[in-house]
Number of protein chains: 2
Amino acid sequence: MSNNLTTPKGFILNGLSAGIKKNNRMDMGIIYSKSPCHYAGVFTKNKIQAAPVKLCKQRLNTSIHGLIVNSGNANSFTGNIGIDNAYEITNLAERELKIDDKSFLSLSTGVIGEYLPMDKLRNGVTGLCQTALKNDNNPYNFMNAIFTTDTNPKIISKEILIDGKNIHILGTAKGAGMIFPNMATMLGFIVTDISISKELLQKALSDVVEESFNSISVDGDQSTNDSVILLSNGEAGNPIISSEDENYISFCKALKEIALNLSKAIVRDGEGATKFITIHVKGALDKLDAWKCASHIANSLLVKTAFFGEDANWGRFIYAVGASGCEVDETKIDITLGNIHLVRHGVRTDFLNDDANYYMKNKDLYLEINLNLGSAEKIMYTCDLSYQYVKINGEYRS
Amino acid sequence: MSNNLTTPKGFILNGLSAGIKKNNRMDMGIIYSKSPCHYAGVFTKNKIQAAPVKLCKQRLNTSIHGLIVNSGNANSFTGNIGIDNAYEITNLAERELKIDDKSFLSLSTGVIGEYLPMDKLRNGVTGLCQTALKNDNNPYNFMNAIFTTDTNPKIISKEILIDGKNIHILGTAKGAGMIFPNMATMLGFIVTDISISKELLQKALSDVVEESFNSISVDGDQSTNDSVILLSNGEAGNPIISSEDENYISFCKALKEIALNLSKAIVRDGEGATKFITIHVKGALDKLDAWKCASHIANSLLVKTAFFGEDANWGRFIYAVGASGCEVDETKIDITLGNIHLVRHGVRTDFLNDDANYYMKNKDLYLEINLNLGSAEKIMYTCDLSYQYVKINGEYRS
């Protein structure tokens with residue numbers, strides 16, 4: 001990803017080490033805008049939701065000035081104490097920054113079921129607010145503060161022109177393990193200086209997340225903390241976007257580019273991943289069927305280990321399609337791996353196994369399933385399953 | 001498992017190497033009864049079903065004399081040629097054994113999408129029928145003939161007394177990879193000399209499979225070939241069981257013991273498994289919720305890798321419960337690991353991490369989740385996920 005980041009006007013991002021994680025790694029971050037922001041969010045569908053997710057959902061669509069995030073502890077399954085802690089963090093930030101009550105958020109990621117070490121958190125909030133008030137902006141620090149087992153940078157910015165004004169968008173995310181549609185242990189933050197109505201900001205985010213953060217899978221699991229937050233402070237000075245006009249479409253296009261870039265970076269950085277795989281299901285009867293089929297393939301251990309083993313064992317694609325529960329007529333299925341037609345109308349073609357296995361040696365792989373039953377389609381991005389995944393997750397605790 | 005096997009009266013089981021698998025491993029087996037048998041079956045729910053599954057379902061509840069099974073090739077996704085091949089195998093066996101048309105079955109397991117090497121199969125059928133006509137019985141050979149990546153024996157017999165007659169039941173199965181409820185790449189064969197109506201034979205099998213073969217999980221996948229077949233030839237000479245009386249109940253109890261024994265052996269022999277884990281979900285609102293919760297935990301990669309890593313990372317149990325989609329009130333959940341209460345009414349108890357981690361070093365583990373919302377429960381059996389699983393599946397092709 002680019003080193004030429006531009007932070008949208010009026011935003012400060014930074015991070016520090018508050019001692020929650022070991023070895024002085026950064027573990028707390030702030031996003032702050034002096035101008036109030038519209039705030040849109042999309043959250044985990046896990047039925048057990050962490051305290052900060054409850055707080056963020058409560059303030060959804062209100063006007064806010066920013067947020068505090070910590071890694072190393074998820075503040076999840078922590079009962080009323082956890083809720084009180086999440087609110088205390090925002091109260092403290094609001095006092096330090098001298099902004100309205102209820103105008104800050106708090107987010108957390110890390111181990112589930114342990115109370116936040118509040119002494120460390122309080123010091124962290126104070127330090128971050130001082131940094132923000134000094135206009136000390138460092139988005140990379142913010143990114144490092146949200147990382148857990150991430151190994152590659154996940155940050156990007158983009159500039160577009162709307163009505164003669166330069167609009168800036170910057171996004172960053174953490175991912176690695178537990179990534180599935182519905183965004184397991186994934187945090188995404190996007191800030192922009194565009195001027196747009198709060199309703200359209202939420203619509204843009206919801207639509208874009210469906211095609212990006214909700215279309216990736218590392219291991220098929222959902223966490224209690226997943227959140228994507230989008231803030232806009234209007235400082236670019238464009239006339240406010242209040243209908244789905246061409247300016248809105250331009251914004252959505254740029255937003256999607258950023259979200260897709262971050263989502264793909266999360267898959268590439270999947271725990272232990274050695275391959276990036278695009279699964280494209282076409283010709284499904286309806287959207288749900290296309291999703292079922294693509295996500296079952298993307299999450300199948302046997303498919304993922306076949307990719308890791310660079311073995312074009314296409315029978316595994318077939319049974320994963322059948323096991324997904326989508327409507328299927330086996331005499332109609334087409335399967336294409338890269339440019340190699342493996343199956344046409346349910347019959348194996350005369351492709352050479354050696355060619356297919358040779359293709360599997362690529363780092364970026366493309367698998368297309370055409371059910372030839374309808375016109376619905378779904379693209380999902382996933383990675384392979386390696387020894388390293390098992391090692392990381394057998395040994396992991398923050 | 002016991003070496004003291006008793007084969008039910010009138011049944012012959014045997015196996016041989018037909019050259020389908022490498023290294024002269026056994027790859028074809030026969031079950032034969034001179035007396036006609038009632039036949040009950042339960043099959044995969046994968047929407048793509050192998051040719052032999054179609055054949056077996058067509059003959060379900062008819063009177064048959066036995067079956068031919070091969071490993072090394074699943075005869076799945078092989079179109080009309082595959083169907084013709086499955087029927088040719090049964091036709092050939094019926095001719096060799098001089099029995100009625102349509103009174104034999106054929107089953108297959110192995111790689112998907114390749115045609116059966118019929119020359120080898122034909123020779124195998126002839127050899128097996130000659131063995132059967134010579135009354136040469138060797139259930140262990142049959143078991144070895146159905147194995148793919150299995151490493152431990154899976155065969156058991158049992159004797160019960162009904163109305164003064166000795167009733168014998170013998171069961172064997174293959175498992176290893178791809179095991180999930182709905183019986184992925186799993187074959188089970190149970191034969192008995194009991195006299196029972198064909199309706200009750202099917203009912204007994206369907207009920208027992210739900211609590212045994214459909215309650216196990218290795219990696220959450222379903223194959224196109226899974227089948228459990230139960231044959232009864234009535235040679236024990238008991239008065240026919242035609243109502244759900246105490247004799248029926250005794251038979252079901254023995255059948256369940258055999259099915260559960262084989263199911264657990266499949267989990268213990270899960271590819272790369274180092275732990276056997278019993279997941280017991282209690283207090284669910286209804287049966288479906290109990291099943292959702294238990295199976296999500298049993299299939300979660302993060303839970304399975306935590307067991308492999310011997311890390312009592314109980315937050316992973318929590319998010320798996322939440323991600324399962326079952327109704328849940330986080331203030332009511334109890335979690336018990338072995339005898340250690342980890343969570344009571346949604347609150348972590350004061351258990352010691354060292355105690356919980358010490359418990360995780362056991363080979364047999366018990367995890368209980370009480371949702372405390374209703375009275376439905378579900379027990380599932382699963383194994384951990386190890387490096388070895390990835391290795392086996394990255395490299396596997398018959």
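Predicted model: local features only at pLDDT ≥ 70, side-chain atom pairs only at ≥ 80, totals over all residues.
Q: How many helices and strands does chain A have?
A: Chain A has eleven helices and 15 strands.

Q: What percentage of the residues in chain A is buried?
A: A residue counts as buried if 20 or more other C-beta atoms lie within 10 Å of its own. In chain A, 59% of the 398 residues are buried. Among contacts in chain A with a separation of 6 or more, 81% join residues 24 or more positions apart.

Q: How are two packed helices described?
A: The description uses the angle between their axes and the distance between the axes. In chain B, helix α1 (residues 51–58) and helix α2 (residues 79–97) have axes that come within 8 Å and cross at roughly 55°. The helices α1(B) and α2(B) are therefore oblique to each other.

Q: Is the crossing of α1(B) and α2(B) left-handed or right-handed?
A: The crossing in which α1(B) passes α2(B) is right-handed.

Q: Which residues of α1(B) and α2(B) meet?
A: From α1(B) come B:Ala51, B:Pro52, B:Lys54 and B:Leu55; these meet B:Gly82, B:Ile83, B:Asn85, B:Ala86, B:Tyr87 and B:Thr90 of α2(B). By class, this contact of α1(B) with α2(B) comprises six nonpolar, three polar and one charged residues.

How values were computed:
Residues numbered from 1 in each chain as written. Chains lettered and ligands numbered in written order. Axes fitted to C-alpha atoms, helices over the stretch in contact; angles between N-to-C directions. Helix = DSSP H or I, 4+ residues; strand = E, 2+ residues; numbered from the N terminus. Parallel < 35°, antiparallel > 145°, perpendicular 65-115°, else oblique. Left-handed = near helix turned anticlockwise from the far one by under 90°. Contact = placed C-beta atoms within 7 Å. Nonpolar A, V, L, I, M, F, W, Y, C, P; charged D, E, K, R; others polar. Buried ≥ 20, exposed ≤ 12 C-beta atoms within 10 Å, placed from the backbone.
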